[in-house]
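The following exercises concern one protein model. Each sets a task and then works through the solution step by step.

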Amino acid sequence: MDIPSLNGLVWPTWDIPFPHRQNPVADQVESAHLEWMDRFSLAPTAKAMEHYRKARNVEGNAWFYPTASLDDLVLLTNMMGWFWIFDDQFDDGPTGLDVTKAKSIAAGIIPILYGAPAPAGAPAPYQGLADVVRQFSTRLGADSMRRLGRGISQYMLAYIWETENRATRTFPSLRDYIHMRVHSGCVVPVYDVVELAEQVTLPYRFREAVWTNDFLFDAANIINWQNDVVSLVKESNQHSVNNLVYILRHHNGGTLQEAVDTAHTMATSLTGKIFRAQRELPEMMDIFRLDDSERDSVQRWFDGVLLALGGCMKWQEITHNRYLRYTTAIADLDLGAPGANPAYLADLLPDDRIQPLGAPRP
């Protein structure tokens, strides 16, 4: 436990230089989203649901996708709810230390991302993800679906890497962490589905360009690294080897305050790259010879990504230090840890329902 060292920490101020506003239909989403959660038993106990609602996922998605229609915002919120539930299985419980199980889970989930049905008797997260993928497939084109599958597949592989780090108490190098964090945060897929919110389709040649990926990786890491700082209280007892702040302190020495300040500087320094990409966008559209319709789609998507970036920063500011929004007493926080079994954590990935790695798929 590192919580005592957090006493007296000066939390940095996060300026938000990007546009942000909340979706006006936000208050109409919660009932439909919670019905979906119940249908797939993703928060099957009262304590699990109470814990989930503390995350304010519905509110967050209304900041991420302020232009989405009500129906699309419900789907986008279901997707993000799935990420939250899945994360907690690793971050707060025994699955987060079981490398073999993490590999088996990835092997079970990745086919679903490309359209395979969830096997009969598969765990609840498999079933919920299959429903999300099915609904996206009726609203996005083939290229966008393959891209979404690729992005979440990389997220699954990053979870294996994080589990290996936790299990061995190994701090990755800063270089390796920066490379993998962009995938473990799964923010790039969150930006990609701005296509749905904006009702546009990106030209394949533009979206797959290195320039576009660089823009998305920078925009994702602002969120990822900010999240590492504002999640410090929650993650202070989680074998803290997969958090930028603790990695900086481990490799650089110095105080926790110095590591926090460095992480804040790293994140905020990326904003200049985002504004440079914004200036370069018209010329990039010329280089890729986009026609008027394609240019309109790209511009709307790019602007939507900036809204998602600004909205996410705003939401993380509102939910400062995660659950400290709801209590100022650290002892009252929901603090699980890999290898633990907190009362609020329902075991959604029980061993007897995980198909072992290498076994034939049913």
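**Exercise 1. An aromatic pair and its surroundings**

Are Phe-64 and Tyr-65 buried or exposed? Classify their ring pair as well.

Solution. The structure is a predicted model, in which local features need pLDDT of at least 70 and side-chain atom pairs count only at pLDDT 80 or more, whereas totals for chains, interfaces and linings use all residues. Residues are numbered from 1 along each chain as its sequence is written, and side-chain values use heavy atoms, with hydrogens and water left out.

Step 1. Buried means under 20% relative accessible area, exposed over 50%, and partly exposed in between (1.4 Å probe, protein chains only). Both Phe-64 and Tyr-65 are buried.

Step 2. Rings of Phe, Tyr and Trp (its six-membered ring) pair if their centres lie within 6.5 Å; planes under 30 degrees apart count as stacked, over 60 as edge-to-face and the rest as tilted. The structure holds 19 aromatic pairs. For Phe-64 and Tyr-65 the centres are 6.3 Å apart and the planes stand at 85°, so this pair is edge-to-face.

**Exercise 2. A pair within one helix**

Classify the ring pair of Trp-211 and Phe-215, and state how their places in the helix relate.

Solution. Step 1. The pair is stacked, with 6.4 Å from centre to centre and 20° between the planes.

Step 1. Helices (H or I, at least four residues) and strands (E, at least two) are DSSP runs, numbered from the N terminus. Trp-211 and Phe-215 are separated by about one helical turn because they are 4 residues apart in helix H12. An α-helix has 3.6 residues a turn, so residues three or four places apart point the same way.

Step 2. Trp-211 and Phe-215 are both buried.

Step 3. Helix H12 (residues 210–230) also holds Asp-228. Asp-228 has a relative accessible area of 0% and is therefore buried. Contact means heavy atoms within 4.5 Å. Apart from neighbours within four places in sequence, Asp-228 is in contact with Tyr-177, Arg-181, Asn-243, Leu-244 and Val-245.

**Exercise 3. The largest nonpolar core**

Which residues of the largest nonpolar core touch the most other members, and which helix gives the most to this core?

Solution. Step 1. A nonpolar core is a set of buried Ala, Val, Leu, Ile, Met, Phe, Trp, Tyr and Cys residues joined through side-chain atoms within 4.5 Å. The largest one has 117 residues, and those touching the most other members are Tyr-65, Phe-86, Phe-136, Tyr-191 and Trp-301.

Step 1. The greatest contribution to this core, 12 residues, comes from helix H4 (residues 70–91).

Step 2. Outside four places in sequence, the contacts of Phe-136 are Leu-75, Leu-76, Met-79, Met-145, Leu-148, Val-193 and Leu-196.

Step 3. Phe-86 also belongs to a cluster linked by ring pairs, together with Trp-82, Phe-83, Phe-90, Tyr-155 and Tyr-159.

**Exercise 4. An enclosed helix**

**Exercise 5. A residue before H1**

Where is Leu-9 found, and with which residues is it in contact beyond its sequence neighbours?

Solution. Step 1. Leu-9 lies in the segment before H1 and counts as buried at 11% relative accessibility.

Step 1. Leaving aside neighbours within four places in sequence, Leu-9 is in contact with Leu-232, Leu-256, Gln-257 and Val-260.
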